Amino acid sequence: MTDPTDAPLLEVRDLQVHFDTEGGTFRAVDGVSFSVRRGATLGIVGESGCGKSVTSLGVMRLIPRPPGRYAGGEVLFEGKDILKLSENEMRKLRGGRMGMIFQEPMTSLNPVYTIGDQIIESLRAHGWKDKAKARARAIEMLDLVRLPSPETRVDDFPHQLSGGQRQRVMIALALANDPELLIADEPTTALDVTIQAQILELMRDLRERTGSAIVLITHDLGVVAETCDDVVVMYAGKVVEKAPVADLFASAQHPYTLGLMAAVPRLDARTDRLETIPGSVPPPYLQLPGCRFAGRCPLATDHCRSAPPPLKEIGPGRAVACWRAPIEEAAA
Amino acid sequence: MSTPVLEVRNLTKHFPVKSGIFKRSTAAVQAVTDVSFAVGAGETLAIVGESGCGKSTTGRALLRLLEPDSGEVVLDGEDVIALSPSRLQGARRHMQMVFQDPFGSLNPRMTVRETLMEPILLHRVASGPAADKMVSELLKTVGLNDYHAERYPHEFSGGQRQRICIARALATRPRLIVCDEPVSALDVSVQAQIVNLLQDLQKQFGMAYVFISHDLAVVRHIAKRVAVMYLGRIVEEAPAEEIFATPRHPYTRALIEAAPKPVPGAAEGREMVMGDAPSALRPPSGCAFHPRCPLAQDICKRERPELRAMPSASGTAAAACHFAETVAAMPAESTRPTPEILARRLAVLAEARAAQAAAG
């Protein structure tokens, strides 16, 4: 654990990513701020359409423009705003000091090149001139992610590997250039639980060994609890709650976070009936004057529906955007 | 259990792999081998396992969407496997299926009314104005409205589409519904709505469910009995409470350990199963799980353990492991209490929700 007073490796300030569509402006990411320390893992959780993937693409500057555009905010990587970099500089950063892992290992790997060639290509694009050394490095990386017999598997094509093995290759590829920041978008969602446990263990292990920071995008609260140090909960393009992981699972504040926790069936106890969150996420083109969750929140008041709650600091590293928090006091 | 609605005996389905210019069968993918189980009316049996374990093949073979190689599927005393094609058509009225992908399993060119009307007319459940009335009742039953009837599938969200699929399955008043990963593609809050709906409908109509899933937490919530499959065979079957409290097979134990839990620090020091599941084309010798099993001994490589009855506190249980007694005696995962303040907040929210629902 590094000193928390250290400057964060990545700091996102008031990021706005909008999409211009025929139906109007779609604010996929609407004023999102967070920061990630070196050696720490930040989880971004939420359901489909909450803006978590667009946030991660936004940080990598992979938003398709048009229809997307950056409408405001800063993404500071080691204090430097990467939204101001040229495309060339950005390309050097991506796959170099910033690595990424996507959900679909089959579509993210090129089917007509061997996995070794794909890792070597990435290494050579980031300064490894010697081909033999790059190949040795590729084998080393495959060994690091515990792919069995890496010396021979390095010449395999993606289709020759299982889903779990492909995801290992994706991680090897992302880590080949010793990135300081790794962005993983649902890295284990398509995998079986025994394989998922192995991949998550691998990511924890690598973070300890290399000291890199990880931003993990997921919908799974279980994965968050087991992997992350800090958590950001997103709803409809906004951050609704932020907390260190132990605090979030001990005393979550926002009704949306609580609703998610109650909706997940538990493995260690049987509940009679699952709690649900009635309704659905408001369409993104709808400009709501108040809290975006108000329509689905049983505690919502007229005030909630008319004024957007600010993300208020409530403790070290903790913040919540809810007029009614803490909800047990308001109810008493 | 009284007379079961569904009884499956020694169901086997192997897919031949053909090669060479004469397309001779050179090998077989042993998708499902010797699977037996029974489900009573109003009961849910869950089949769990990882990709490729044969759980979906089993589900399809039950309805003869795939022709099994051998075995019996007895639905209300009638062997479905032995039926002639025309009799099978009639029998399908009593068994329906809900698939994982609510985007792929609805015809995009049919309105919801047409989708629901098809099984009603095909199986002569009703006709004319009675059929119209039935469509409207089905929509209400699954939490949709009359005005949804004229819409097309693309106008609905994933959860709503799954509701339509469930309504379609209900249209013929079946005795059995096979649900193949019905909530896996849905967000958690929507998943909870569909799970609750399935439970309510079962209470109301008393169908039996075969619930195929890889998600143990959902299974624990919905199932009365659980069968765990590995490489085409059932390796453990027991009442749901028992299978989670005292798993008798090392694979069941591994699945429970590996499932991510919403408790920080739960992953520390967990023993983990390594490697991938082997290919069903060449299952390992002896016990198929032995290459990944932390308890494997020499005997496990040589002899395949039969599925044998095990002592059970409620009902019957069986496991296919030479060391099932040892596994059952290992300490189990403990129940973790919800932190106090979190529990209080969840209660406040649940109360407010209930009050809101009561107020309409």
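**Helix packing, domains and the chain contact**

According to an unreviewed UniProt entry, residues 6–256 of chain B carry the annotation "domain: ABC transporter"; such annotations may be inferred rather than shown by experiment, and their positions follow the numbering used here. This is a predicted model, in which local features need pLDDT of at least 70, side-chain atom pairs count only at pLDDT 80 or more, and totals for chains, interfaces and linings use all residues. Residues are numbered from 1 along each chain as its sequence is written, while chains are lettered from A and ligands numbered from 1 in the order in which they are written. The annotated span of chain B is 36% helix and 28% strand, and its end C-alpha atoms lie 27 Å apart. Helices (H or I, at least four residues) and strands (E, at least two) are DSSP runs, numbered from the N terminus.

Now for the helix pairs in chain B. Two packed helices are described by the angle between their axes and the distance between the axes. Axes are lines fitted to C-alpha atoms, for helices over the stretch in contact, and angles run from 0 to 180 degrees between N-to-C directions. Helix 3 (residues 112–122) of chain B packs against helix 4 (residues 128–141) of chain B at about 120°, the axes being 10 Å apart. That makes the two helices oblique (under 35 degrees counts as roughly parallel, over 145 as roughly antiparallel, 65 to 115 as roughly perpendicular and the rest as oblique). Helix 3 of chain B passes helix 4 of chain B in a right-handed crossing; a crossing is right-handed if the near helix is turned clockwise from the far one by less than a right angle, and left-handed if anticlockwise. Here Arg113(B), Leu116(B), Met117(B), Ile120(B) and Leu121(B) of helix 3 meet Ala131(B), Met134(B), Val135(B) and Leu138(B) of helix 4, where contact means C-beta atoms, placed from the backbone, within 7 Å. By class, this contact has eight nonpolar, no polar and one charged residue (Ala, Val, Leu, Ile, Met, Phe, Trp, Tyr, Cys and Pro count as nonpolar, Asp, Glu, Lys and Arg as charged, and the others, Gly among them, as polar).

Further along chain B, the axes of helix 5 (residues 158–170) and helix 6 (residues 188–205) come within 10 Å and cross at roughly 15°. That makes helix 5 of chain B roughly parallel to helix 6 of chain B. The residues in contact include Ile166(B) and Leu170(B) of helix 5 and Leu197(B) and Leu201(B) of helix 6.

Chain A has its own pair: helix 4 (residues 115–125) and helix 7 (residues 163–175) pack at about 20°, with axes 9 Å apart. That makes helix 4 of chain A roughly parallel to helix 7 of chain A.

Chain A also splits into domain 1 (10–97 + 177–331) and domain 2 (103–176), with bounds from an automatic or database domain assignment. Their C-alpha centres lie 29 Å apart, and each domain gives 15 residues to the contact. On the domain 1 side, helix 8 of chain A gives the most, with four residues.

Finally, the two chains touch through 48 residues of chain B and 52 residues of chain A. Helix 12 of chain B gives the most to the chain B side, with 11 residues. By class, that side has 29 nonpolar, nine polar and 10 charged residues.
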